[in-house]
Amino acid sequence: MNNHNLVEVAKVAKVFHTRHFFHRDEETNKRRIYAKHTVVAADNIEFAIKPGEVFGLLGPNGAGKTTTVKMISGLVKPSSGVVYVDGLNVEKKRLKALRRIGVVLEGTRTSIWPLTPLENLAYFGNLKDVRGRVLRARSRELLKFIGLQDKMNVQVRRLSRGQRQKLAICIALIADPPVLLLDEPTTGLDVQSSRTIKDKVVEMTREQGKAVLVTTHDMGVAQEICDRIGIISHGRLITCEPTENLLELFAEQTYEFRVDEFADTPTLEAVPGVHGVRVAPEPEGILLTLDLDSDTELRSEALYTVIETLRARGARLRSVTQKQQTLENVFLRLTSAEGGSQTKG
Amino acid sequence: MGFFLVMKAEVVRTLIIMRRYWFATIIGILVGYGFLMMLISAFMTNSGRFKELTDEALSSVLGFIVGMFAFGIVGLFSQGLQGMARTGQLEQVCTSPHGLVTNFLARSFVSAVTSIFSLSIVLFLVTVTLKGKITATPGPTVALLFLTYCNLIGFGFMVGGLVLVFKQVGQIAMLLRMGLFALAIIAGKEIVNWPSLLRWIAHALPITDASICLKLVLIDGLGYRVFVQPSFLFLIINCALWTVIGISLFKLMENWSRAKGTLGAY
């Protein structure tokens, strides 16, 4: 266990076994008296989160993101491996470790609807061992921080979904835990609420040095707020890199040239460092998409040569842009490369 | 310490909800009273022996109220737990650093006190209407109520543990709750005349002797002499057994549920 990490997930695996009686096989459509299914939800997952870091866990539905969050928060017991939170083994010191964790699980009705946000925080504060003046001051401080101070005395059932989600985050933070686990925190929220939550998560992480784990389907959220990203597919962590590295790693050196007219694509294809040329007509001319070599020197030479060729052929150059890589593309490339069945009958 | 913190939180929550929904609270009490009076009226009108039956009717009313108490407490661990799992609140409780057992102990305690409070009002109203007499000697009454609570939470924990792992048990738990409810009404001194197998099963269940003892104190006015009754001995034994079995099984099932990955989820 590295002392600098607030969360450390060390070779954690989780295998679920389900038993069915009088089960009908979906593929063969045959009925069996008894069937046992094994699902690998997590397969030797390994990552760590440092203080002041937002770690994003991305993956398709059923990839094992929520199971991983639940294993960190002690809701699910790993089949093998160890989870440490602030140096505490979650399996052996679960209740102590829970004092250091705030969790917001996806789609759960965390708050008590007949109570107001302030009363909810008082309730959950007591559940999490926060009392008296500290609890009162912290409740108001959190509601102000998240922008719910105007609604602190309104019953939760009258709040919007975004406001309830903000309250859920306040509840998770009421005991001032160093670790915050957010499972799909912005799902189903409007742009404004989503923006506030993203900003506040980043602000809190940077200013208070918390370790935050965010699972999300929203690539925009991950790209915007996560310092590091782990992509999980079929229970396996297929990559775990700083966000910029991940984008850089998969950066395609693709350039788009917009010209009035150009027909000599074989000349461009023959330029050293150019790996591919695609031509697409546009209303105001032609779009030439060129894939260039990843080597900086060769790419630089190729760019100059292409521009000179265009000038020599009399093509008026309107713009040159480098195509930006998005996390969504990286995610799709990585997860589509991952195949195989995760379920054994 | 954790128990008191959770209890404090639960007390505050309950009081706020009762105050905020005071109309529903009062209507609940009135409905309970009205329902009981309707049953008693029907029973007495049919038998045509109004005066002689006051004590008998009061005994049934007390049994009914003890049954409602049992129904509510065990319900907290079965349908209540299922409901919390469905809404997601159970997952929050599971991530509380006090642990699930402490949380449910405190919750059930507050729920029991609240139930006793509202059911006492109903009992008082029915007694006054029937011009009957209830002898609530404080010491034995409080002791019996506490032992009844311990007995019921032990049983409740056992049911709750099973519900954590086997979700379908909730429906069976409903039958058990109804069984306890019926048993609380019919349990009385006459238990000695029951067939031995039935008698031992009744003694093993958590509500029989609690109901008998409460009837002996509140209706028959036995006061402190209840402590030398055989039913009180059964109550003590039951209490120790159910609490130990219930909490142990609940912890075992909680771990199993965590291993299955279904803890807190429905």
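Predicted model: local features only at pLDDT ≥ 70, side-chain atom pairs only at ≥ 80, totals over all residues.
Arg316(A) pairs up with Asp260(A) in a salt bridge, with the closest N and O atoms 2.8 Å apart (the cut-off: a side-chain nitrogen of Lys or Arg within 4 Å of a carboxyl oxygen of Asp or Glu). The two residues sit 56 residues apart, Arg316(A) in the loop between H10 and strand E14 (317-322) of chain A and Asp260(A) in the loop between strand E11 (254-259) and helix H9 (265-269) of chain A. Helices (H or I, at least four residues) and strands (E, at least two) are DSSP runs, numbered from the N terminus. Arg316(A) is exposed at 58% relative accessibility, while Asp260(A), at 30%, is partly exposed. Here buried means under 20% relative accessible area, exposed over 50%, and partly exposed in between (1.4 Å probe, protein chains only).

Residues are numbered from 1 along each chain as its sequence is written, chains are lettered from A and ligands numbered from 1 in the order in which they are written, and side-chain values use heavy atoms, with hydrogens and water left out.

Across all chains, the search turns up 24 salt bridges. One of them joins Lys11(A) to Glu46(A) at 3.8 Å, N to O. Lys11(A) belongs to strand E1 (residues 7-24) of chain A and Glu46(A) to strand E2 (residues 31-49) of chain A, so this pair ties together parts 35 residues apart in sequence. Glu224(A) and Lys198(A) also meet, at 3.1 Å, N to O; the former is in helix H7 (residues 219-225) of chain A and the latter in helix H6 (residues 191-208) of chain A, so parts 26 residues apart in sequence are tied together. Lys198(A) is buried, with a relative accessible area of 10%, whereas Glu224(A) is partly exposed at 42%. Arg138(A), Glu141(A), Asp176(A) and Lys210(A) are linked in a salt-bridge network.

Then there is the surface of chain B. Ile27(B) lies in helix H2 (residues 22-47) of chain B and is partly exposed at 35% relative accessibility.
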